[in-house]
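Please read the numbered points with the structure in view.

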Amino acid sequence: KIEKVDIPEEGGGQEAAEEEEEEDPDSSVVSLSPLDWESNVIDTQKDVLVEFYAPWCGHCQQLKPVYEEEAKAFDDVGHIMIAKLNADKHEIPGVEIEGFPTIKLFKKGKKKDPIEYEGMGRSAAEIIKFLEEHSTPFTLGNGEKDEL
């Protein structure tokens, strides 16, 4: 269970970070909430990669452009969804989050047993490699698996 801790950061602290969290209409990352969790993650026939983040988390902020780049690479892969959930604001019953960011793959047919992304780097290529190893097979873009 996550405890909310107010950690002021430079430039205005948590309030400023929450205000900045405007959704980007051009983003390829699907924003989730507890209201659409079942329909977008559990009930879908897709493999869903979810980043559980906190707006005030420095590591999450560093990961944001990388995660966006990776999500864009999957725009044309219909059976994989790249998503995020503000786990500082929302809690999903049965999903344990011990730190930010946490990335988990909810694989089709095995949604109750997500695979945690751990022990690898935080580049788009490394996250794609994780998906190559754990998700339903896919091809990115022009058939070159490693190109974004």
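**Notes on a strand and the elements around it**

1. β2, α3 and β3 form a β-α-β unit, and this unit is right-handed. The model under discussion is a predicted one. Within the unit, β2 and β3 run parallel and are joined by 7 bridges. One point of reference for the reader is Leu49, whose bridge partner in β3 is Ile82.

2. β2 also pairs with β4, here in the antiparallel sense, over 5 bridges. In this pairing Phe52 stands opposite Thr102 of β4.

3. How many of the residues of β2 are buried? The count is 7 of 7, and the strand is accordingly described as mostly covered. In a regular strand, side chains alternate between the two faces of the sheet. In β2, Asp47, Leu49, Glu51 and Tyr53 point one way, while Val48, Val50 and Phe52 point the other way. Both sets are buried.

4. Helix α4 covers residues 124–134, and its buried residues are Ala124, Ile127, Ile128, Phe130 and Leu131. Seen down the axis of α4, these buried residues fall within an arc of 155°, so they line one face of the helix. An α-helix has 3.6 residues a turn, so residues three or four places apart point the same way.

5. Against which elements do the buried residues of α4 pack? The strands in contact are β2 (47–53), β3 (80–86), β4 (102–106) and β5 (115–116), and helix α3 (58–73) is in contact as well.

6. The aromatic pairs in the model number 6. In one of them, the ring centres of Trp37 and Phe52 are 5.9 Å apart and the planes lie at 45°, so the pair is tilted. Trp37 belongs to helix α2 (residues 37–42) and Phe52 to strand β2, so the pair ties together parts that are 15 residues apart in sequence.

Methods. Residues numbered from 1 in each chain as written. Predicted model: local features only at pLDDT ≥ 70, side-chain atom pairs only at ≥ 80, totals over all residues. Heavy atoms only, no water. Buried < 20%, exposed > 50% of the residue type's maximum accessible area, 1.4 Å probe, protein only. Helix = DSSP H or I, 4+ residues; strand = E, 2+ residues; numbered from the N terminus. Arc of directions from axis to C-beta. Contact = heavy atoms within 4.5 Å. Pairing = 2+ DSSP bridges. Right-handed = clockwise from strand over helix to strand, strands pointing away. Phe/Tyr/Trp six-rings, centres within 6.5 Å; stacked < 30°, edge-to-face > 60°.
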